[in-house]
Amino acid sequence: MGLSKRLRELMNSGEVYGFEDPELIEIQTKQMDLLYELNHLRPSDKETRSNLMKKFFASVGEDVHVETPCAANWGCNTSWGDRSYANFNLTLVDDASVDIGADVMIGPNVTIVTTGHPIRPDLRLKKTQFSVPVSIGDNVWIGSGVTILPGVTIGKNSVIGANSLVTGNIPADSVAFGSPCRVQRPIGERDEHTYWKDREFHEPFL
């Protein structure tokens with residue numbers, strides 16, 4: 001059961017909205033039941049896992065694997081490109097769209113957040129929030145413990161270092177890390193010869 005066009009547009013608008021819409025509550029409850037099933041499958045039950053992922057997420061490409069446990073507000077707002085992988089304890093605060101490209105690697109304990117709440121205390125008492133989509137390009141590597149905040153776009157091929165707090169856009173072909181996350185250098189010539197610190201590639205990888 002997916003979100004209606006009205007709710008999907010509202011949740012991706014970046015505007016403040018109330019969460020207590022009966023349709024939202026009904027759909028989210030059904031999504032949480034699917035997530036419960038997914039998180040309690042035996043690892044060997046690959047066929048059921050594949051079918052549940054297709055029901056739970058907005059779209060799932062070929063050869064996508066998400067380790068469990070996984071947590072998500074919705075699931076039906078997150079799309080996966082071909083051959084992408086997420087390690088244990090991925091958290092998706094996906095009230096707005098989360099678009100994950102092809103060949104993306106996501107380390108353990110990563111949190112992707114599309115939603116915030118107004119600073120005004122009276123609006124928070126009314127259970128309001130705003131949501132802004134997140135986009136992750138093809139062939140991105142997100143290290144363990146990274147948190148990605150609302151509205152962020154990460155360009156293709158980039159690497160986000162472990163434990164980074166990503167508050168703004170990261171361009172393609174970049175190595176970025178820190179809290180807040182900043183581009184440290186482009187991916188370039190040194191990466192043709194070394195893979196970690198000063199360790200050089202040897203055959204057959206050269």
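1. Pocket terms. On a 1 Å grid over the protein atoms alone, a pocket is an open set of points where a 1.4 Å probe fits, with protein on both sides within 12 Å along at least five of seven lines; lining residues have an atom within 4 Å of a point. Grid points are joined across faces, edges and corners, and a volume is the space filled by probe spheres set on the points. The second largest pocket has about 210 Å³ by this count.

2. Basis. This is a predicted model, in which local features need pLDDT of at least 70 and side-chain atom pairs count only at pLDDT 80 or more, while totals for chains, interfaces and linings use all residues. Residues are numbered from 1 along each chain as its sequence is written, and side-chain values use heavy atoms, with hydrogens and water left out.

3. Second largest pocket. Its lining includes Lys46, Arg49, Ser50, Met53 and Lys54. Also in the lining are Val60, Gly61, Glu62, Asp63, Val64 and His65. Helix α3 (residues 46-56) gives the largest share, 5 residues. Helices (H or I, at least four residues) and strands (E, at least two) are DSSP runs, numbered from the N terminus. By class, the lining has 3 nonpolar, 3 polar and 5 charged residues. Here Ala, Val, Leu, Ile, Met, Phe, Trp, Tyr, Cys and Pro count as nonpolar, Asp, Glu, Lys and Arg as charged, and the others, Gly among them, as polar.

4. Largest pocket. The volume is about 700 Å³. The lining has 25 residues, and Trp141, Val159, Val175, Arg185 and Tyr195 lie nearest the centre. Strands β17 (159-160), β19 (174-177), β20 (182-186) and β21 (194-196) each supply at least two lining residues. The largest share, 3 residues, comes from β21. The class count is 12 nonpolar, 7 polar and 6 charged.

5. A salt bridge is a side-chain nitrogen of Lys or Arg within 4 Å of a carboxyl oxygen of Asp or Glu. Arg185 is partly exposed, at 22% relative accessible area. Asp191 is also partly exposed, at 23%. Buried means under 20% relative accessible area, exposed over 50%, and partly exposed in between (1.4 Å probe, protein chains only).

6. Other salt bridges. The whole structure holds 5 salt bridges. One of them joins Glu26 and Lys30, with closest N and O atoms 3.5 Å apart. These residues sit 4 residues apart in helix α2 (residues 22-39), so about one helical turn separates them. Glu26 is partly exposed at 40%, and Lys30 is partly exposed at 41%. Another pair is Asp122 and Arg120, at 2.7 Å between the closest N and O atoms. Asp122 is partly exposed at 33%; Arg120 is partly exposed at 48%.

7. Cysteines. The structure has 0 disulfides; a disulfide is a pair of cysteine sulfur atoms within 2.5 Å. The sulfur of Cys70 has its closest cysteine sulfur in Cys76, 13 Å away, so the two are too far apart for a bond. Cys70 is buried at 3% relative accessibility. Cys76 is buried at 7%.

8. Thr78. This residue is in strand β5 (residues 78-80). Thr78 is buried, with 0% relative accessible area. Leaving out residues up to four places away in sequence, Thr78 touches Phe57, Ala58, Ser59, Leu92, Asp94, Val98 and Ile100. Contact means heavy atoms within 4.5 Å.

9. Leu123. Helix α4 (residues 121-125) contains Leu123. Beyond four places in sequence, Leu123 touches Pro118 and Thr128.

10. Backbone points to check. The bond from Thr68 to Pro69 is cis, with omega about 5°. Pro69 is in the loop between β3 (65-66) and β4 (70-72). Ser179 and Pro180 are also joined by a cis peptide bond, omega near 5°. Pro180 is in the loop between β19 and β20. Arg83 is not a glycine, yet phi is positive, about 65°. Arg83 is in the loop between β5 and β6 (85-86) and is partly exposed at 45%. Asn163 has a positive phi near 65°. Asn163 is in the loop between β17 and β18 (165-166) and is exposed at 60%.
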